[in-house]
Amino acid sequence: MKLFGEKAVRRILMVTAFSALSGLLLIALFILNEGLPFIFKYGIKEFLFSSDWYPHLGKFGIYPMIVASLWVTLGAMIVGAPLGVFGAIFLSEYTPRPVMKIIKPTIELLAAIPSVVYGFIGVMVLAPIIRANFGGPGLSLLAASIILGIMILPTVISISIDSILAVPQSYREGSYALGATTWQTTHMVTIKASKSGIIASIILGLGRAIGETMAVIMVAGNSVNIPNTPLDSVRTLTANIALEMSYATGMHRQALFATGVVLLIVIIILNSLASVAIRKRMVKR
Amino acid sequence: MRIHPRYTQRGAVVILGGATLLTLVILIFIIVFILEKGLPVLGWNFLTSNPEDMGRSGGIFPTLIGTIILPLIAIIIATPLGVFTSVYLSEYTKETRATKIIRFGTDCLAGIPSIIFGLFGYIFFVITLGMGWSLLAGGLTLAVMILPTIIRTSEEAIRAVPKSYREVSFSLGASSWQTVKKVILPNALPGIVTGVMLSIGRSIGETAAVIFTAGSSLRIPTSLLDSARTMSVHFYILAREGISAENAYGTAAALIIAVLLVNLSAYWLMNRFISKRS
Amino acid sequence: MKTKFQIKDFSFYFNEEKVLKNINFEIEANSILGIIGPAGSGKTTFLRSLNRMNDLESGYRIEGNILLDGIDIYKPEYDVVELRKKVGMVFAMPVPLPMSIYENVVYGPRLSGVQDKKRLDELVEKSLSSAYLWEEVKDRLHTSGMRLSGGQQQRLCLARVLAMEPEAILLDEPSSGLDPISTAKIEDALTVLKKSYTIILVTNNTKQAARVADNTAFFLMGELIELGTTSQIFTSPVKTQTDDYITGRFG
Amino acid sequence: MKKIMLMSFVLIAALLMGGCGKGKASLTLAGSTAFQPFAEKLADQYMNINPDISVTVQGGGSAVGIQSANSGAAQIGMADLVVLPAEAEGLTATVVAKDGIAIVVNPANKISGLTTEQVRDIFNGKITNWKDVGGINAPITVVSREAGSGTRSSFEEIVGNINLKRDALIQDSNGTIRETVANDANSVGYLSHGLINEKIKALKVDDQECSTEAIIAGNYKLVRPIFLLVKGNLEGEIKKFIDYILSDEGQNTIKADGLLPAK
C-alpha cells in the first residue's frame with residue numbers, strides 16, 4: 001500500500017514536471033500550426049524581405065517590422081545597457097553595502113511596474129518633448145527606444161550587480177595591493193571577471209525589449225515604415241500582431257501568426273545565447 | 001597620451017554615479033508622476049463603485065474583481081504544477097538529459113513575450129477549447145506564463161533547504177515523499193510563497209496576454225466563463241482611447257499601489273526567509 | 001554470540017575510485033563496535049553503507065554483499081525505507097530538524113504510522129531518558145530543538161533514533177564537536193544501550209573507542225587492517241600499522 | 001497545503017456553478033469598436049427591462065465580429081463596413097444604425113474644410129504640407145487606422161483610390177486616433193462622427209459639414225452602415241434583442257449618443 005503510494009507520487013510528480021515543457025510545446029505547436037503553412041504558401045523570402053504590408057490586397061511583407069524590431073531593440077540597448085551597467089558597477093563597487101542593499105530592491109521593484117504605465121508616460125511626457133524639440137510626430141523609434149531602455153534597466157542592473165558581487169573579493173584585493181585605483185581595479189579586474197554575467201543581463205534585457213508589446217504600441221506610432229531617422233514612426237513585430245490581431249481574418253490572421261513564429265524564433269535564439277553566457281559564468285565559478 | 005589614474009578615477013566616479021542617479025531619478029519620476037495625478041482620484045468610492053459610460057465616470061469596481069480573480073486562478077493552477085515540478089527536479093531525479101530538457105523548456109517559456117501567450121491563449125483556450133473570452137481562459141493563459149517563475153523560485157527555495165535535513169529524515173526511515181512533505185516543503189515554503197507573490201505581481205500588471213484571452217467586458221463577472229477586465233486592461237483602454245484622463249490616472253495609481261504592495265510583501269517574506277536561514 | 005551484520009567481500013567505488021577494498025568481517029549483536037582510523041580511511045563510507053545512506057549520492061558503485069540478519073540489504077527488492085527503520089543513524093554534526101523537541105523525537109514513529117498520543121508521549125519520555133536528556137528538557141518539549149546546546153542537540157538526535165526502536169544504531173563521530181561533559185553523557189548512554197542494540201561507532205578519537213567499544217576495527221586507506229576485542233587491539237595489536245596509529249605515530 | 005488546495009477547488013467549482021447553474025440566458029456581442037459603446041448602453045437598458053438575460057459586449061473590431069459570429073464565440077457580430085467581406089456571406093446581416101466618418105484635425109489647425117481630392121492626396125502622401133491646402137507651413141502628420149479596421153476600409157472605400165502613405169501613424173481605435181490628433185497640432189485623422197469632442201475639430205468635406213442633419217439629408221458622403229451579424233435566422237433571444245435595438249427606444253439611444261438611426 002505504502003510502496004504503491006510512493007510510486008504513484010513519483011509518477012504524478014514526473015508528469016507535472018513536464019507541464020512547463022508541454023506548455024512550451026503546445027504554444028509552439030499552435031503558433032507554428034497557424035503560422036508555418038502561411039509562410040510556406042506565401043514564400044519565406046517574400047514574407048521576410050518584402051516591404052509591402054497591405055493585408056487587404058493580400059500583400060504580407062514584414063521586412064519593415066523586422067527592421068523596426070531590430071532598431072527599437074538596438075535603441076533600447078543604447079539607452080539602457082550603459083546606464084544599467086554603469087549603475088550596477090557604481091552600486092556594487094562605489095556604494096556602501098547598506099545603501100546598495102536598499103537601492104537594489106527598489107530598482108528591482110520597478111521591474112514590476114506594468115508596461116502600460118511606461119507606455120503611458122511615453123505618450124504623455126516623452127512624445128511631446130520629442131515633438132517640440134526635434135519635430136516629427138513624436139511617436140517614434142526614438143520614443144520607443146527610450147521607453148524600452150528604461151524598462152530594461154531593472155533587469156540589467158539587478159543581474160549585473162549579482163554577477164559583479166560574485167567576483168571573489170581576493171581578486172580586488174590583489175589589484176589594490178598592486179597600487180591600482182578603484183576604477184583601475186573595476187575595469188581591469190572586476191568587469192573582466194564578471195563579463196559573461198553582465199552580457200547575460202544585457203541579453204535578457206534584449207529579450208524583454210524585443211518582446212514588449214503594449215508600451216511599444218503606445219509610443220512607436222506604428223507606421224509600416226523603414227525608418228530613415230530616429231524620429232520616424234515604426235511598427236515592431238509584436239505591435240504588428242497586437243494591433244491587427246483583433247481585426248484579422250483568413251490569410252491576414254495567418255500572416256499575424258507567422259509574425260509570431262518569426263518573433264518566437266528570434267526569442268529562442270536570444271534565450272539560448274543568454275543561457276550559454278550564464279552557463280559560462282557558472283563554469284568559471 | 002596617458003591620463004593620470006587619479007583623473008580617470010574621478011571621471012569614472014562622476015560618470016558611473018551620474019548614470020545611477022539618472023536611473024533612480026527616471027524610475028522615481030514615473031511613480032511620482034502617476035501617484036501625484038492618480039491619488040486624488042483614488043478613494044474608497046472609486047474602488048467600490050461601478051464605472052459609468054465606459055469608464056468615463058464612476059469607479060473601477062468590476063476591474064478590481066477581475067484583477068483579483070484572474071491572478072488567483074493563475075496561481076491556483078500554476079502553483080501546484082510549479083512546486084511539484086521543482087520537487088521532482090530537485091528531489092526525485094539526478095541530472096539527466098530529461099531534466100536538462102525540462103530546464104531548457106522552462107527557460108524558453110520564461111523568455112516568451114506576453115503577446116505570444118496572448119495569441120496562444122486566444123487560439124487554444126478561447127477558440128479551440130471553446131471557453132470564449134473568459135476568466136478561465138485568461139487565468140489559464142496567465143498560469144502558463146507564470147509557471148517558469150514559480151518553478152525557478154521554488155527550486156531555489158528547495159535547494160536552500162540544508163542537505164543534512166534530508167539525510168536525517170531518510171536515516172529515520174522516511175520515504176522520499178514523506179521527506180518532501182514533512183521537511184522540505186515546510187522549510188522551503190517562504191521561498192515558494194515569494195515566487196507566488198512575484199507571479200501575482202506580474203499577472204496583475206499583464207495586459208497583452210489578458211486582453212486577448214479574458215476580453216474586456218466591464219461587467220462584474222458572475223462565473224468563470226464570463227469575460228472580465230483587469231485594472232491594467234482598463235487603464236490601457238482609458239488612456240489609449242482618451243476616455244477619461246482623470247480615471248486613467250486613478251486606475252494607474254491603484255494598479256501601481258497593488259503591484260508594489262504585492263512585490264514589497266514578497267521581498268519582506270524573502271528577507272525573513274534569508275535571515276531565518278543564516 | 002549472535003551475528004548482526006555480515007560483510008562479505010564488500011567494495012565501494014566512488015566515481016570509479018575504490019574507496020573500500022574487499023572488506024570481510026562480522027558484527028556481533030548487542031555489542032559496541034568501534035571503528036577507528038585516520039581521516040579518509042573509508043570509515044564513514046563504510047558506516048553509510050550499512051543503512052544505504054550512500055544511495056543519496058550519485059556516481060557510486062558497490063561489489064560484494066552486506067547481510068543484515070542473513071538477508072542481503074543490497075538486493076534489488078530490498079526495502080530501503082524498512083532498512084533505515086531497523087538501522088538508525090546519528091551524524092557527526094547534530095542536526096535537529098527545525099521543529100520542536102517533541103516533534104523531533106516522534107518524527108520516526110509517526111512515519112511508521114504510530115498516531116496514538118499516549119504511546120507517542122511514552123516513546124518521547126523513554127527515548128529522551130535513554131539519551132540522558134529527559135531531565136534537562138522535560139519542561140520545554142514544545143520549544144524548538146534548534147535552541148538546545150550542541151551537546152543537547154546531539155543527545156536529541158540519539159533520542160530521535162531510539163524512538164524508532166531500531167535494531168542497530170550507527171554513530172558517525174557523534175562527539176566530534178562536543179565538550180567533554182556531553183561526550184561523557186553520550187558514552188554513558190551507549191554503554192547502557194548496547195544491552196538492547198547493536199551499536200557501531202565511528203570515531204576519530206581512539207581513546208573514545210578504548211573507553212566504550214567491546215570490539216574495535218582499524219581502517220586504513222579503505223582496507224580493514226585489523227579487528228579484535230578492544231583490549232586486544234589497544235594492548236597487543238598484531239599489525240604494525242595499528243600499533244603506529246594507536247600510539248599516535250600518524251593519523 | 002491540502003486545505004488550501006481543497007478550498008480553491010471548491011471556489012472554482014462554486015464560481016463555475018454560479019454562472020451555469022442559474023440557467024440565465026446569455027447573449028454575447030463582439031466586433032466593431034465604433035458600435036461597442038452603443039451596444040454596451042443598449043445591453044444595459046435591455047437587461048433593465050429583461051432581468052433574466054445577460055448581455056455581454058466585447059470589442060475587437062469588425063473582423064472579430066464576423067469571425068466570432070461564424071465560430072460561435074459570440075451570437076451576434078458587430079461590423080461597420082461599407083462592403084461586407086466574403087466571410088460574412090453565410091451570416092444574416094441587419095443594419096441597425098448608420099455612422100458618419102469625420103475627418104478630424106487638431107483644434108489649433110486653421111483649416112476648416114477639405115475636398116475629397118485633397119483628403120485622398122493627403123492620405124496618399126501627395127500633399128505633405130498644410131500650406132498646400134491653405135494652412136500654415138507645417139508638415140502633415142497622417143493618422144490612420146490599422147489594416148482590417150472597419151472604419152479604415154469604409155473610409156478608403158468611400159474616398160476611393162487610397163494607397164496610404166507609408167509613414168502614416170497607425171492607431172487601433174477611434175479613441176486613440178482622437179488622442180493622437182488632440183496631442184499633435186499638425187495631424188489629421190478620421191473617426192466615427194459620434195466620437196467628436198472638444199479636443200478635436202471635424203472638417204467639412206466638399207463643403208458639407210459632418211453633422212447629423214447633413215448625414216440624414218444624404219449630403220455628407222462619408223457614411224457607412226452598422227451591421228449586426230447572426231449565424232442562421234433571427235430567432236429567440238437574439239431576435240428579441242435586435243428587435244429592441246430597432247425599436248423606437250433603441251434607435252433613440254443610438255441617436256442620442258451620436259450615431260444615426262438605421263432608417
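**Notes on two contacts: chains A and B, and inside chain D**

1. Let's start with charges: between chain B and chain A there are zero salt bridges (a side-chain nitrogen of Lys or Arg within 4 Å of a carboxyl oxygen of Asp or Glu). On the side of chain B that touches chain A, the residues are 52 nonpolar, 17 polar and three charged (nonpolar being Ala, Val, Leu, Ile, Met, Phe, Trp, Tyr, Cys and Pro; charged Asp, Glu, Lys and Arg; polar the others, Gly among them).

2. Before going on: this is a predicted model, where local features need pLDDT of at least 70, side-chain atom pairs count only at pLDDT 80 or more, and totals for chains, interfaces and linings use all residues. Residues are numbered from 1 along each chain as written, chains are lettered from A and ligands numbered from 1 in written order, and side-chain values use heavy atoms, without hydrogens and water.

3. Chain B puts 72 residues and chain A 68 residues into the contact (heavy atoms within 4.5 Å). Together they bury about 6600 Å², with 82% of that on carbon and sulfur atoms (accessible area, 1.4 Å probe, lost on being put together, summed over both parts). Leu16(B), Leu27(B) and Leu119(B) give 10% of what chain B buries there, more than any other three residues.

4. Now chain D, which an automatic or database assignment splits into domain 1 (25–98 + 225–261) and domain 2 (100–216). Their contact involves eleven residues from domain 1 and 16 residues from domain 2.

5. These two domains of chain D bury about 980 Å², 62% of it from carbon and sulfur atoms. Thr33(D), Val82(D) and Leu260(D) supply 41% of domain 1's share, more than any other three residues. Here too, the salt-bridge count is zero.
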